[in-house]
Amino acid sequence: MSAKIFGQNIKKLRDRDKILKQDSLPKSKKEESPNLKLSLKLRSSNTIRGLTKLFLVIIAIWNSPALGDEVRAKVATDDCLNWFTRSKLKPGKGCLGKCVTIPTDMSSFDCPNSCTNFCDSSLGTSALFNISDLYPGLTPAEKALAAEMPSKTLKAYQLSWKAEQICLGMFPASLTNDASDGCRHYMWSALMTKDFGDEIASKFLNAHEQDPEQPSEEKAMDIENNKLGLSAASLIIKSKKFSEDELSKKFQQDLKSGKIRVLKQGDK
Amino acid sequence: MNSKFAKFISVLLVFLGFSWGLLGTAKHFWRGETLSQSKVEARWGTAEFDSEAFKKAEISDRAKMAANLLRNQKSFVGKKRSEIRKELGSFDGFYFSDMFPTYIIQRGKNHQEETWQIVFLLDRKENVSEIIVHKNCCDN
(Lines give C-alpha, C1' and ligand atoms only; values in the text may rest on other atoms or scores of the structure.)
Protein backbone atom coordinates (compact mmCIF):
# COMPACT_ATOMS: atom_id res chain seq x y z
CA MET A 1 0.00 0.00 0.00
CA SER A 2 2.69 2.47 1.06
CA ALA A 3 4.83 1.43 -1.94
CA LYS A 4 1.85 2.14 -4.20
CA ILE A 5 1.41 5.63 -2.69
CA PHE A 6 5.18 6.20 -2.95
CA GLY A 7 5.02 5.19 -6.64
CA GLN A 8 2.12 7.56 -7.27
CA ASN A 9 4.01 10.41 -5.59
CA ILE A 10 7.09 9.72 -7.76
CA LYS A 11 4.83 9.84 -10.88
CA LYS A 12 3.34 13.15 -9.72
CA LEU A 13 6.83 14.58 -9.18
CA ARG A 14 7.92 13.42 -12.68
CA ASP A 15 4.81 15.01 -14.21
CA ARG A 16 5.52 18.26 -12.37
CA ASP A 17 9.13 18.20 -13.63
CA LYS A 18 7.84 17.73 -17.18
CA ILE A 19 5.55 20.76 -16.83
CA LEU A 20 8.36 22.84 -15.32
CA LYS A 21 10.71 21.86 -18.13
CA GLN A 22 8.10 22.75 -20.74
CA ASP A 23 7.57 26.13 -19.06
CA SER A 24 11.29 26.86 -19.15
CA LEU A 25 11.50 26.15 -22.91
CA PRO A 26 11.65 29.10 -25.32
CA LYS A 27 8.15 30.23 -26.38
CA SER A 28 8.50 28.93 -29.97
CA LYS A 29 9.23 25.41 -28.76
CA LYS A 30 6.23 25.26 -26.47
CA GLU A 31 3.20 23.46 -27.72
CA GLU A 32 0.33 25.91 -27.99
CA SER A 33 -2.82 23.94 -27.41
CA PRO A 34 -6.19 25.36 -28.55
CA ASN A 35 -7.05 25.72 -24.86
CA LEU A 36 -3.99 27.90 -24.30
CA LYS A 37 -4.89 30.08 -27.29
CA LEU A 38 -8.44 30.41 -26.01
CA SER A 39 -7.26 31.32 -22.52
CA LEU A 40 -4.88 33.94 -23.99
CA LYS A 41 -7.75 35.38 -26.04
CA LEU A 42 -10.01 35.47 -22.98
CA ARG A 43 -7.25 37.05 -20.92
CA SER A 44 -6.71 39.82 -23.50
CA SER A 45 -10.45 40.47 -23.88
CA ASN A 46 -10.74 40.62 -20.09
CA THR A 47 -7.88 43.13 -20.05
CA ILE A 48 -9.61 45.29 -22.66
CA ARG A 49 -12.88 45.06 -20.73
CA GLY A 50 -11.06 45.92 -17.52
CA LEU A 51 -9.30 48.90 -19.08
CA THR A 52 -12.61 50.16 -20.56
CA LYS A 53 -14.26 49.89 -17.13
CA LEU A 54 -11.32 51.68 -15.53
CA PHE A 55 -11.56 54.43 -18.16
CA LEU A 56 -15.31 54.84 -17.49
CA VAL A 57 -14.76 55.00 -13.73
CA ILE A 58 -11.94 57.55 -14.10
CA ILE A 59 -14.11 59.74 -16.33
CA ALA A 60 -17.07 59.41 -13.94
CA ILE A 61 -14.89 60.37 -10.96
CA TRP A 62 -13.22 63.14 -12.91
CA ASN A 63 -16.59 64.64 -13.76
CA SER A 64 -17.91 64.12 -10.26
CA PRO A 65 -18.72 67.35 -8.38
CA ALA A 66 -16.97 65.82 -5.36
CA LEU A 67 -13.66 66.87 -6.93
CA GLY A 68 -14.72 70.50 -7.19
CA ASP A 69 -15.01 73.18 -4.55
CA GLU A 70 -16.90 71.49 -1.70
CA VAL A 71 -18.68 74.61 -0.48
CA ARG A 72 -19.79 75.62 -3.95
CA ALA A 73 -20.95 72.08 -4.59
CA LYS A 74 -23.00 72.06 -1.38
CA VAL A 75 -24.73 75.36 -2.24
CA ALA A 76 -25.26 74.18 -5.79
CA THR A 77 -26.73 70.90 -4.54
CA ASP A 78 -29.23 72.72 -2.29
CA ASP A 79 -30.21 75.09 -5.09
CA CYS A 80 -30.42 72.19 -7.53
CA LEU A 81 -32.51 70.10 -5.17
CA ASN A 82 -35.02 72.97 -4.94
CA TRP A 83 -34.85 73.35 -8.72
CA PHE A 84 -35.59 69.65 -9.23
CA THR A 85 -38.33 69.51 -6.56
CA ARG A 86 -40.15 72.47 -8.11
CA SER A 87 -40.34 70.61 -11.41
CA LYS A 88 -42.40 67.81 -9.73
CA LEU A 89 -40.52 65.21 -11.77
CA LYS A 90 -40.32 61.69 -10.35
CA PRO A 91 -37.16 59.54 -10.57
CA GLY A 92 -37.36 56.65 -13.00
CA LYS A 93 -37.55 55.99 -16.71
CA GLY A 94 -37.69 59.09 -18.90
CA CYS A 95 -36.81 61.35 -15.94
CA LEU A 96 -33.30 62.20 -17.20
CA GLY A 97 -34.51 63.45 -20.60
CA LYS A 98 -37.14 65.70 -18.97
CA CYS A 99 -34.85 66.82 -16.13
CA VAL A 100 -32.17 68.30 -18.40
CA THR A 101 -34.78 70.45 -20.15
CA ILE A 102 -36.15 72.07 -16.95
CA PRO A 103 -35.59 75.83 -17.40
CA THR A 104 -32.65 77.23 -15.39
CA ASP A 105 -31.72 80.63 -14.00
CA MET A 106 -28.50 82.08 -12.54
CA SER A 107 -28.72 79.96 -9.35
CA SER A 108 -29.58 76.71 -11.15
CA PHE A 109 -27.44 77.13 -14.28
CA ASP A 110 -25.33 74.01 -13.59
CA CYS A 111 -28.18 71.87 -12.23
CA PRO A 112 -28.87 69.80 -15.38
CA ASN A 113 -25.49 68.18 -14.68
CA SER A 114 -26.92 66.76 -11.43
CA CYS A 115 -29.94 65.20 -13.16
CA THR A 116 -28.45 61.69 -13.08
CA ASN A 117 -28.39 61.90 -9.25
CA PHE A 118 -31.95 63.22 -8.91
CA CYS A 119 -33.31 60.71 -11.41
CA ASP A 120 -31.60 57.76 -9.69
CA SER A 121 -29.91 56.84 -12.95
CA SER A 122 -27.85 53.66 -13.08
CA LEU A 123 -24.05 53.83 -12.82
CA GLY A 124 -23.71 53.11 -16.57
CA THR A 125 -26.17 55.87 -17.52
CA SER A 126 -24.45 58.33 -15.16
CA ALA A 127 -21.02 57.46 -16.58
CA LEU A 128 -22.26 57.87 -20.16
CA PHE A 129 -23.93 61.18 -19.27
CA ASN A 130 -20.65 62.44 -17.81
CA ILE A 131 -18.61 61.17 -20.76
CA SER A 132 -20.90 62.86 -23.29
CA ASP A 133 -20.25 66.04 -21.30
CA LEU A 134 -16.73 65.95 -22.76
CA TYR A 135 -18.23 66.74 -26.17
CA PRO A 136 -19.21 70.39 -25.90
CA GLY A 137 -21.28 70.46 -29.10
CA LEU A 138 -24.18 68.63 -27.44
CA THR A 139 -27.13 70.31 -25.77
CA PRO A 140 -27.98 68.99 -22.23
CA ALA A 141 -30.98 67.16 -23.73
CA GLU A 142 -28.69 65.46 -26.26
CA LYS A 143 -26.37 64.40 -23.42
CA ALA A 144 -29.34 62.79 -21.66
CA LEU A 145 -30.27 60.95 -24.86
CA ALA A 146 -26.65 59.85 -25.27
CA ALA A 147 -26.80 58.34 -21.78
CA GLU A 148 -30.09 56.56 -22.44
CA MET A 149 -29.45 55.47 -26.04
CA PRO A 150 -25.66 55.44 -26.55
CA SER A 151 -25.54 53.40 -29.74
CA LYS A 152 -28.37 55.34 -31.39
CA THR A 153 -26.71 58.61 -30.39
CA LEU A 154 -23.52 57.48 -32.06
CA LYS A 155 -25.49 56.60 -35.19
CA ALA A 156 -27.32 59.94 -35.04
CA TYR A 157 -23.95 61.67 -34.85
CA GLN A 158 -22.70 59.73 -37.88
CA LEU A 159 -25.87 60.70 -39.76
CA SER A 160 -25.35 64.38 -38.92
CA TRP A 161 -21.95 64.08 -40.54
CA LYS A 162 -23.44 62.36 -43.55
CA ALA A 163 -26.09 65.10 -43.83
CA GLU A 164 -23.33 67.72 -43.81
CA GLN A 165 -21.46 65.88 -46.56
CA ILE A 166 -24.60 65.58 -48.74
CA CYS A 167 -25.26 69.30 -48.31
CA LEU A 168 -21.64 70.21 -49.07
CA GLY A 169 -22.22 68.47 -52.40
CA MET A 170 -24.95 71.03 -53.12
CA PHE A 171 -23.49 74.16 -51.53
CA PRO A 172 -19.91 75.47 -51.58
CA ALA A 173 -19.78 75.95 -47.78
CA SER A 174 -21.54 75.06 -44.53
CA LEU A 175 -23.06 78.28 -43.23
CA THR A 176 -25.67 79.33 -40.67
CA ASN A 177 -29.23 80.51 -41.37
CA ASP A 178 -28.97 80.06 -45.15
CA ALA A 179 -30.06 77.23 -47.47
CA SER A 180 -27.03 75.07 -46.55
CA ASP A 181 -28.16 75.23 -42.90
CA GLY A 182 -31.71 74.33 -43.94
CA CYS A 183 -30.28 71.46 -45.98
CA ARG A 184 -28.34 70.01 -43.02
CA HIS A 185 -31.44 69.97 -40.83
CA TYR A 186 -33.62 68.58 -43.64
CA MET A 187 -31.17 65.79 -44.50
CA TRP A 188 -30.39 64.87 -40.90
CA SER A 189 -34.11 64.56 -40.08
CA ALA A 190 -34.73 62.47 -43.18
CA LEU A 191 -31.75 60.14 -42.62
CA MET A 192 -32.71 59.58 -38.98
CA THR A 193 -36.35 58.92 -39.95
CA LYS A 194 -35.10 56.25 -42.35
CA ASP A 195 -32.85 54.61 -39.73
CA PHE A 196 -34.80 55.05 -36.47
CA GLY A 197 -38.40 55.78 -37.48
CA ASP A 198 -40.05 59.15 -36.97
CA GLU A 199 -40.64 58.81 -33.20
CA ILE A 200 -36.99 58.38 -32.20
CA ALA A 201 -35.84 60.77 -34.93
CA SER A 202 -38.14 63.42 -33.43
CA LYS A 203 -36.63 62.79 -29.99
CA PHE A 204 -33.13 63.49 -31.31
CA LEU A 205 -34.28 66.52 -33.30
CA ASN A 206 -36.14 68.03 -30.34
CA ALA A 207 -33.14 67.40 -28.08
CA HIS A 208 -30.91 69.18 -30.60
CA GLU A 209 -33.13 72.26 -30.51
CA GLN A 210 -33.06 72.54 -26.69
CA ASP A 211 -30.24 75.08 -26.71
CA PRO A 212 -31.33 77.93 -24.40
CA GLU A 213 -28.88 80.35 -26.03
CA GLN A 214 -30.11 79.89 -29.60
CA PRO A 215 -32.10 82.92 -30.87
CA SER A 216 -35.81 82.12 -31.29
CA GLU A 217 -35.94 82.92 -35.02
CA GLU A 218 -33.04 80.52 -35.69
CA LYS A 219 -34.72 77.83 -33.61
CA ALA A 220 -37.99 78.32 -35.54
CA MET A 221 -36.12 77.97 -38.83
CA ASP A 222 -34.42 74.75 -37.71
CA ILE A 223 -37.65 73.21 -36.39
CA GLU A 224 -39.50 74.02 -39.63
CA ASN A 225 -36.77 72.44 -41.78
CA ASN A 226 -36.60 69.40 -39.47
CA LYS A 227 -40.35 68.88 -39.99
CA LEU A 228 -39.94 69.14 -43.77
CA GLY A 229 -37.14 66.55 -43.67
CA LEU A 230 -39.27 64.17 -41.59
CA SER A 231 -42.25 64.37 -43.94
CA ALA A 232 -40.02 64.13 -47.05
CA ALA A 233 -38.45 60.93 -45.70
CA SER A 234 -41.85 59.45 -44.82
CA LEU A 235 -43.07 60.15 -48.37
CA ILE A 236 -40.00 58.63 -50.03
CA ILE A 237 -40.03 55.62 -47.69
CA LYS A 238 -43.70 55.00 -48.59
CA SER A 239 -42.84 55.05 -52.28
CA LYS A 240 -40.04 52.51 -51.52
CA LYS A 241 -37.50 54.59 -53.45
CA PHE A 242 -35.44 55.89 -50.54
CA SER A 243 -31.94 56.95 -51.55
CA GLU A 244 -29.68 59.96 -50.99
CA ASP A 245 -30.31 61.04 -54.60
CA GLU A 246 -34.08 60.95 -54.15
CA LEU A 247 -33.72 62.90 -50.94
CA SER A 248 -31.50 65.52 -52.61
CA LYS A 249 -34.02 65.88 -55.46
CA LYS A 250 -36.86 66.36 -52.99
CA PHE A 251 -34.82 68.96 -51.09
CA GLN A 252 -34.08 70.88 -54.31
CA GLN A 253 -37.80 70.84 -55.18
CA ASP A 254 -38.73 72.13 -51.71
CA LEU A 255 -36.01 74.80 -51.92
CA LYS A 256 -37.23 76.00 -55.32
CA SER A 257 -40.85 76.08 -54.22
CA GLY A 258 -39.86 78.22 -51.21
CA LYS A 259 -40.82 75.62 -48.59
CA ILE A 260 -37.35 75.57 -47.00
CA ARG A 261 -37.19 78.28 -44.37
CA VAL A 262 -34.08 80.50 -44.50
CA LEU A 263 -33.16 83.70 -42.70
CA LYS A 264 -30.34 84.69 -45.06
CA GLN A 265 -29.99 84.55 -48.85
CA GLY A 266 -26.72 84.39 -50.80
CA ASP A 267 -23.45 86.12 -49.96
CA LYS A 268 -22.89 88.87 -47.52
CA MET B 1 15.67 40.71 -15.50
CA ASN B 2 17.54 43.42 -17.43
CA SER B 3 16.37 42.13 -20.78
CA LYS B 4 12.81 41.96 -19.45
CA PHE B 5 13.07 45.56 -18.28
CA ALA B 6 14.50 46.64 -21.65
CA LYS B 7 11.63 44.85 -23.41
CA PHE B 8 9.11 46.57 -21.15
CA ILE B 9 10.67 49.99 -21.82
CA SER B 10 10.74 49.42 -25.59
CA VAL B 11 7.09 48.25 -25.62
CA LEU B 12 6.15 51.28 -23.52
CA LEU B 13 8.00 53.62 -25.89
CA VAL B 14 6.34 52.08 -28.94
CA PHE B 15 2.94 52.35 -27.21
CA LEU B 16 3.55 56.00 -26.26
CA GLY B 17 4.75 56.83 -29.77
CA PHE B 18 1.72 55.14 -31.28
CA SER B 19 -0.66 56.92 -28.89
CA TRP B 20 0.99 60.27 -29.60
CA GLY B 21 0.63 59.74 -33.34
CA LEU B 22 -2.96 58.61 -32.90
CA LEU B 23 -3.76 61.68 -30.80
CA GLY B 24 -2.20 63.95 -33.41
CA THR B 25 -4.21 62.32 -36.18
CA ALA B 26 -7.39 62.42 -34.10
CA LYS B 27 -6.82 66.12 -33.31
CA HIS B 28 -6.38 66.92 -37.02
CA PHE B 29 -9.35 64.71 -37.91
CA TRP B 30 -11.48 66.34 -35.24
CA ARG B 31 -10.46 69.89 -35.96
CA GLY B 32 -10.00 69.60 -39.69
CA GLU B 33 -7.53 71.91 -41.42
CA THR B 34 -6.46 74.93 -39.40
CA LEU B 35 -3.97 77.80 -39.83
CA SER B 36 -1.44 79.18 -37.37
CA GLN B 37 -1.43 82.85 -36.44
CA SER B 38 1.57 83.60 -38.68
CA LYS B 39 -0.10 81.92 -41.67
CA VAL B 40 -3.34 83.81 -41.02
CA GLU B 41 -1.35 87.05 -40.93
CA ALA B 42 0.48 86.19 -44.16
CA ARG B 43 -2.74 85.29 -45.95
CA TRP B 44 -5.13 88.06 -44.88
CA GLY B 45 -2.88 90.71 -43.33
CA THR B 46 -3.47 92.21 -39.94
CA ALA B 47 -5.71 94.86 -38.46
CA GLU B 48 -6.62 95.73 -34.88
CA PHE B 49 -9.71 93.89 -33.68
CA ASP B 50 -12.61 96.19 -33.02
CA SER B 51 -15.89 94.70 -31.85
CA GLU B 52 -18.23 97.23 -33.52
CA ALA B 53 -16.18 97.30 -36.73
CA PHE B 54 -16.14 93.47 -36.86
CA LYS B 55 -19.93 93.29 -36.59
CA LYS B 56 -20.45 95.63 -39.54
CA ALA B 57 -17.42 94.58 -41.61
CA GLU B 58 -17.42 92.84 -44.98
CA ILE B 59 -15.87 89.36 -44.98
CA SER B 60 -12.54 90.63 -46.35
CA ASP B 61 -12.24 93.22 -43.56
CA ARG B 62 -13.13 90.65 -40.92
CA ALA B 63 -10.35 88.43 -42.24
CA LYS B 64 -7.77 91.15 -41.51
CA MET B 65 -8.80 91.09 -37.83
CA ALA B 66 -8.45 87.29 -37.56
CA ALA B 67 -4.72 87.31 -36.76
CA ASN B 68 -5.26 89.91 -34.04
CA LEU B 69 -8.06 87.79 -32.57
CA LEU B 70 -5.75 84.78 -32.45
CA ARG B 71 -2.97 86.81 -30.84
CA ASN B 72 -5.31 88.18 -28.15
CA GLN B 73 -7.39 85.07 -27.67
CA LYS B 74 -6.74 85.05 -23.93
CA SER B 75 -9.20 87.92 -23.54
CA PHE B 76 -11.95 85.69 -24.99
CA VAL B 77 -11.15 82.48 -23.09
CA GLY B 78 -13.83 81.74 -20.49
CA LYS B 79 -16.51 83.87 -22.15
CA LYS B 80 -19.97 82.49 -22.82
CA ARG B 81 -21.41 82.01 -26.30
CA SER B 82 -23.93 84.78 -25.66
CA GLU B 83 -21.08 87.20 -24.87
CA ILE B 84 -19.31 86.28 -28.11
CA ARG B 85 -22.56 86.82 -30.03
CA LYS B 86 -22.94 90.23 -28.35
CA GLU B 87 -19.36 91.23 -29.13
CA LEU B 88 -18.93 89.86 -32.67
CA GLY B 89 -22.49 89.53 -33.99
CA SER B 90 -24.52 86.52 -35.21
CA PHE B 91 -22.66 83.34 -36.09
CA ASP B 92 -22.48 82.68 -39.82
CA GLY B 93 -20.23 79.64 -40.35
CA PHE B 94 -20.59 76.08 -39.14
CA TYR B 95 -18.32 73.76 -37.14
CA PHE B 96 -19.64 70.28 -36.22
CA SER B 97 -22.67 71.63 -34.35
CA ASP B 98 -24.80 74.78 -34.14
CA MET B 99 -23.31 75.41 -30.69
CA PHE B 100 -19.89 76.74 -31.76
CA PRO B 101 -19.55 80.48 -32.50
CA THR B 102 -18.22 80.75 -36.07
CA TYR B 103 -17.44 83.70 -38.36
CA ILE B 104 -16.66 83.40 -42.07
CA ILE B 105 -13.50 85.24 -43.18
CA GLN B 106 -13.19 83.85 -46.71
CA ARG B 107 -16.13 82.68 -48.77
CA GLY B 108 -15.72 80.34 -51.73
CA LYS B 109 -18.23 80.75 -54.54
CA ASN B 110 -17.85 77.15 -55.70
CA HIS B 111 -16.20 73.89 -54.65
CA GLN B 112 -12.87 74.91 -56.18
CA GLU B 113 -12.60 77.93 -53.90
CA GLU B 114 -11.81 77.64 -50.22
CA THR B 115 -14.01 78.88 -47.40
CA TRP B 116 -12.37 79.76 -44.07
CA GLN B 117 -13.87 80.67 -40.72
CA ILE B 118 -12.92 81.76 -37.21
CA VAL B 119 -14.14 79.18 -34.68
CA PHE B 120 -14.46 79.70 -30.93
CA LEU B 121 -13.90 76.26 -29.43
CA LEU B 122 -15.82 75.54 -26.24
CA ASP B 123 -14.96 73.71 -23.03
CA ARG B 124 -17.21 71.35 -21.05
CA LYS B 125 -19.05 74.30 -19.52
CA GLU B 126 -19.63 75.72 -23.00
CA ASN B 127 -17.28 78.64 -22.38
CA VAL B 128 -14.65 79.63 -24.94
CA SER B 129 -11.46 77.60 -24.55
CA GLU B 130 -9.56 78.49 -27.74
CA ILE B 131 -9.89 80.34 -31.05
CA ILE B 132 -8.89 78.66 -34.31
CA VAL B 133 -9.00 79.55 -38.00
CA HIS B 134 -10.59 76.55 -39.69
CA LYS B 135 -11.18 75.51 -43.28
CA ASN B 136 -14.95 75.22 -43.69
CA CYS B 137 -14.78 73.88 -47.23
CA CYS B 138 -13.51 72.34 -49.51
CA ASP B 139 -10.84 69.67 -49.94
CA ASN B 140 -9.75 70.40 -53.50
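Reader: A salt bridge is a side-chain nitrogen of Lys or Arg within 4 Å of a carboxyl oxygen of Asp or Glu. How many salt bridges does the structure hold over all chains?

Author: This is a predicted model, where local features need pLDDT of at least 70, side-chain atom pairs count only at pLDDT 80 or more, and totals for chains, interfaces and linings use all residues; side-chain values rest on heavy atoms, leaving out hydrogens and water. Residues are numbered from 1 along each chain as its sequence is written, while chains are lettered from A and ligands numbered from 1 in the order in which they are written. Across the interface of chain B and chain A the rule finds 4 salt bridges. Over all chains, the count of salt bridges is 19.

Reader: Which residue of chain A does B:Arg85 meet in a salt bridge?

Author: Side chains of opposite charge can pair when their charged atoms come close. Here the N to O distance is 3.6 Å, and the pair crosses between chains, from helix α5 of chain B to helix α11 (residues 216–238) of chain A; helices (H or I, at least four residues) and strands (E, at least two) are DSSP runs, numbered from the N terminus. Another salt bridge joins B:Arg81 and A:Asp211, at 2.8 Å from N to O. The partner of B:Arg85 is A:Glu218.

Reader: Which element of chain B gives the most to the side that touches chain A?

Author: Let's look at the elements of chain B that each supply at least two residues to that side: α1 (2–31), α4 (59–71), α5 (81–88), β3 (115–122) and β4 (128–137). With 3 residues, the element that gives the most is α5(B).

Reader: About how much area do chain B and chain A bury between them?

Author: The contact (heavy atoms within 4.5 Å) takes 35 residues from chain B and 34 residues from chain A. Buried area is the accessible area (1.4 Å probe) that two parts lose on being put together, summed over both. For this pair, 47% of it lies on carbon and sulfur atoms. The buried area is about 3000 Å².

Reader: Which element of chain A has the highest mean pLDDT?

Author: Let's start with the lowest mean, 50, which belongs to helix α1 (residues 2–24) of chain A. Over residues 1–6 of chain A the pLDDT stays under 50, and the model has 0 contacts there beyond four places in sequence. Residues 23–32 of chain A are below 50 as well, with 7 contacts beyond near neighbours in sequence. The highest mean, 96, belongs to helix α9 (residues 179–196) of chain A.

Reader: Why is the disulfide of A:Cys95 and A:Cys119 called left-handed?

Author: By the rule of cysteine sulfur atoms within 2.5 Å, there are 5 disulfides over all chains. One of them joins A:Cys95 to A:Cys119, S to S 2.0 Å. The two residues are 24 apart, A:Cys95 in helix α4 (residues 95–99) of chain A and A:Cys119 in the loop between α5 (115–118) and α6 (123–132) of chain A. The disulfide is left-handed because the torsion about its S-S bond is about -65 degrees.

Reader: Which residue joins B:Cys137 through a cis peptide bond?

Author: The omega of this bond is about -5 degrees.

Methods. pLDDT is the predictor's confidence in each residue, from 0 to 100.
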